[in-house]
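Visitor: I have a protein model open and would like to learn how to read it. Could you take me through some features one at a time?

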Amino acid sequence: MSRRHTTIRDHRRSSRDLGAALVMLVSLAIALPGVTAAQDANFTDQQVNQRWQLLSYRDAEGDIQTVPAGVGATLQLWAGNASGEAACSSYEASFKTSAPTLYVDPPTVQRFTCDPASEAFDEVFYQNLAATTSALVTDSIMTLRNEIDEPLMTLTRAVIDQDPTVARWELARIGSPDGTIEPVIQGLDPWLEFLRGGHVVGSTGCGSFLGSYEIFDGTMRISDVAYRLEGCTESARRQAELMVETFSDITDFEVLPAGMALEDDAGRTRLALVPAIDMAARTWTPIEILDANGDVAFDEASLATSTVKFQDRSTEGHTACGAFDGKGLSSGLALSTSELTLTGKPCAKKSPFRAVERAFLEALANTSSHALRGSELELKDVNGVTLMRLQPQADLVGTTWVVTHLNGNLRGKVKQVEVVPETVVSAAFDEFGSVIGDTGAGSDYYTAGYRSPAASSIVIEDLDVNGTFCKGKRAQGRACKQEALFLDRLGRADTFIPSVTGLQLLQGSRPLIWFVPEAAGAVAE
């Protein structure tokens with residue numbers, strides 16, 4: 001068993017050099033019956049006596065700041081003793097609690113050599129620790145506050161799988177055997193990825209490398225690293241060689257919410273890594289929601305119209321019945337949402353989608369961390385148990401979509417109406433907010449504008465038909481009736497759900513138009 005996992009002191013070791021761009025998390029409340037997160041000003045000793053990692057902090061000017069990449073801080077509270085690490089120091093102190101109060105006595109600090117920005121971070125960290133007078137604790141989040149109830153620091157106790165394959169990692173800081181640690185040179189972007197099967201690959205910033213790795217009970221060995229350097233400046237070459245040479249000194253690793261630390265046999269962080277996961281770049285569609293036993297409760301078929309997007313400081317998306325929004329965070333391996341609220345009515349009590357909607361929002365409410373395996377996103381609870389799996393939503397732009405069916409009934413049971421044979425009804429969306437396509441009637445085509453004000457939401461406006469085929473007697477023909485139905489449904493759409501196999505436009509939870517990609521439509525014909 002690893003040294004880290006054998007004593008309480010070893011448990012206090014953390015990623016003093018880990019980092020992630022994280023913002024302050026607040027207490028969670030979802031505006032749906034039965035979907036709430038506990039928050040309790042009168043916390044228990046069991047809630048407080050945990051290992052916490054810093055997510056955000058109040059700086060010297062009083063502003064809430066994200067934790068710089070490659071810099072982390074931890075707080076282990078246990079039986080009146082407080083200990084942990086900041087960016088380039090470790091500390092020990094005593095603390096007292098009588099909920100909701102929490103006081104930390106002046107700590108004994110051991111400082112290490114590092115860059116000025118990290119030293120400044122440490123000063124603020126210890127000032128905030130000393131100014132703490134109370135704490136607000138939820139299931140996974142603790143916010144330390146000062147005497148006028150201002151938030152000073154927010155921390156998480158989320159448990160992260162000790163699995164280096166959960167992400168591709170970007171190198172943020174490199175340490176030396178003497179404890180000195182410095183940030184990497186900006187613009188080089190070195191990274192590494194641990195592949196299942198025992199290989200590690202990556203870039204030094206001016207060349208690539210390939211090696212092998214072995215893991216046993218929290219220890220790590222990296223060996224047989226071959227590398228090639230190309231087009232390096234002198235400083236880039238020095239950093240690249242130091243990175244590769246450091247691999248042979250690695251004996252331990254630890255994955256925490258902010259990232260991963262690779263350590264030597266003296267417990268010094270030698271390589272501080274942050275996950276290369278850009279959550280905000282995509283809209284995600286759930287494909288599985290798991291129950292308490294880890295079994296699939298809802299699969300892709302029932303979740304096709306549910307989506308979520310994690311923005312910088314917000315979360316938004318679409319349930320099986322309507323849209324929702326709220327506050328949120330996605331950075332590093334930490335992921336959380338707060339104050340989720342349905343912007344419309346929840347699914348009706350008798351709706352078959354009500355249970356799906358509830359399970360989806362509950363999974364989001366209980367999420368504390370995430371992992372990205374290939375293109376599949378896993379959301380996990382505070383104990384690292386997987387709650388939900390998602391895949392990135394396909395891009396609306398770049399495909400010509402061909403209509404296969406229209407909904408002929410806006411109330412009651414959905415009525416799928418097939419497209420009239422030998423007609424082509426289509427839509428092509430561009431990145432500038434325009435949509436154009438054939439109406440399926442003679443040479444008529446249409447143009448419109450569209451916008452997506454939130455995840456999966458769409459507004460199609462200024463519809464204009466170019467052509468006069470459906471005038472006079474021809475207006476009663478099948479193709480022209482289809483044209484009128486299509487344009488009506490297009491104008492009503494407020495939700496879009498694209499995938500690699502098709503596109504749905506919906507009004508709320510009611511499907512209006514079904515599309516397939518143009519190539520698939522050609523094959524179907």
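Guide: We can begin with a disulfide: one joins Cys-470 to Cys-480, with an S to S distance of 2.1 Å. Keep in mind that this is a predicted model.

Visitor: What is a disulfide in general?

Guide: A disulfide is a covalent bond between the sulfur atoms of two cysteines. In this case, Cys-470 is in the loop between β35 and α7 (478-492), while Cys-480 is in helix α7, ten residues apart from its partner.

Visitor: Is the disulfide of Cys-470 and Cys-480 right-handed or left-handed?

Guide: The torsion about its S-S bond is about -90°, so the disulfide is left-handed.

Visitor: Are Cys-470 and Cys-480 buried or exposed?

Guide: Buried means under 20% relative accessible area. Cys-470 has 16%, so Cys-470 is buried. Cys-480 has 5% and is buried as well.

Visitor: How many disulfides does the count come to?

Guide: Three. Another of them is formed by Cys-206 and Cys-232, whose sulfur atoms are 2.1 Å apart. The torsion about that S-S bond is about 95°, so this disulfide is right-handed. The pair links distant parts of the chain, 26 residues apart: Cys-206 is in the loop between β15 (199-203) and β16, and Cys-232 is in the loop between β17 and α4 (234-247). Cys-206 is buried, at 8% relative accessibility.

Visitor: And the remaining pair?

Guide: Cys-321 is joined to Cys-347, S to S 1.9 Å. With 110° about the S-S bond, this link is right-handed. Cys-321 is in the loop between β24 (314-318) and β25 (323-331), and Cys-347 is in the loop between β26 (334-342) and α6 (354-365). Cys-321 counts as buried at 18% relative accessibility, and Cys-347 is buried at 2%.

Visitor: Let us turn to the backbone. Which residues other than glycine have a positive phi?

Guide: Among them is Asp-217, with a phi of about 50°. Asp-217 is in the loop between β16 (207-216) and β17 (219-229). Ser-456 has a phi near 65° and lies in the loop between β34 (445-451) and β35 (459-466).

Visitor: How accessible are Asp-217 and Ser-456?

Guide: Asp-217 is partly exposed, with a relative accessible area of 38%. Ser-456 counts as buried, at 1%.

Visitor: Where is there a cis peptide bond?

Guide: The bond from Ala-99 to Pro-100 is cis, with omega near 5°. Pro-100 is in the loop between β6 (89-98) and β7 (101-104).

Visitor: How do I look for empty space inside?

Guide: Rolling a probe the size of a water molecule over the atoms shows where empty space is left. Here the count is three cavities of 30 Å³ or more, and the largest cavity holds about 40 Å³ of space.

Visitor: What lines the largest cavity?

Guide: Its lining residues include Ile-160, Asp-161, Leu-333 and Lys-380. By class, the lining has four nonpolar, two polar and two charged residues. Strand β27 (residues 369-373) supplies the largest share, three residues.

Visitor: What does the whole protein chain look like in numbers?

Guide: The protein chain has eight helices and 38 strands. Of its 525 residues, 52% count as buried. The chain exposes about 23,300 Å², and carbon and sulfur atoms supply 49% of that area. Among contacts with a separation of 6 or more, 56% are between residues 24 or more positions apart.

Key:
Residues are numbered from 1 along each chain as its sequence is written. This is a predicted model: local features need pLDDT of at least 70, side-chain atom pairs count only at pLDDT 80 or more; totals for chains, interfaces and linings use all residues. Side-chain values use heavy atoms; hydrogens and water are left out. On a 1 Å grid over the protein atoms alone, a cavity is a set of points where a 1.4 Å probe fits but cannot get out, and a pocket is an open set with protein on both sides within 12 Å along at least five of seven lines; lining residues have an atom within 4 Å of a point. Grid points are joined across faces, edges and corners, and a volume is the space filled by probe spheres set on the points. Helices (H or I, at least four residues) and strands (E, at least two) are DSSP runs, numbered from the N terminus. Ala, Val, Leu, Ile, Met, Phe, Trp, Tyr, Cys and Pro count as nonpolar, Asp, Glu, Lys and Arg as charged, and the others, Gly among them, as polar. Buried means under 20% relative accessible area, exposed over 50%, partly exposed in between (1.4 Å probe, protein chains only). Contact means heavy atoms within 4.5 Å. Accessible areas come from the Shrake-Rupley method with a 1.4 Å probe; for residues, only the protein chains shown count as cover. A disulfide is a pair of cysteine sulfur atoms within 2.5 Å.
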